[in-house]
Amino acid sequence: MCTFQAAPKSDWKTPVEVWTALHQAEQFTTAAISKIMDVALDKKDHATYSFLKEYIDEQVSSEDEILSILEKVKAYGALPGLLYHLDHELEKSAGKPLI
Ligand SMILES: [Fe+2]
């Protein structure tokens with residue numbers, strides 16, 4: 001059965017809304033990989049489980065990284081100008097792990 005998904009949201013009201021959605025997307029991905037890992041374990045498919053472990057480890061890092069940014073966005077949003085500095089910090093670290 002083929003299902004079509006709605007286009008990704010592209011209209012955001014606040015930076016907090018963007019980063020909250022990103023965090024939720026990472027959580028969704030982590031849950032999906034976890035479900036596959038559960039099936040692999042149930043089927044005693046240890047090779048697939050081992051293969052997916054790397055991805056779940058990456059997801060844990062991604063969730064942590066995005067949550068850290070979300071917390072900064074919430075805190076900095078209360079003080080005008082600090083979001084600019086966060087944006088600059090993220091720009092400098094683009095392509096580099098933040099943690
Ligand atoms: Fe991810």
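In which crossing, left-handed or right-handed, does helix 1 pass helix 2? I looked, and helix 1 passes helix 2 in a left-handed crossing (left-handed if the near helix is turned anticlockwise from the far one by less than a right angle, right-handed if clockwise).

A note to myself before going on. This is a predicted model, where local features need pLDDT of at least 70, side-chain atom pairs count only at pLDDT 80 or more, and totals for chains, interfaces and linings use all residues. Residues are numbered from 1 along each chain as its sequence is written.

Next I checked the elements. I found 3 helices and 0 strands (DSSP runs numbered from the N terminus: helices are H or I with at least four residues, strands are E with at least two). From the N terminus on, I read them as α-α-α.

Last, I looked up the whole protein. The C-alpha atoms fill a box of roughly 55 × 35 × 20 Å along the principal axes. Buried residues make up 2% of the 99 residues (buried means 20 or more other C-beta atoms within 10 Å of the residue's own, exposed 12 or fewer, partly exposed in between, with C-beta atoms placed from the backbone).
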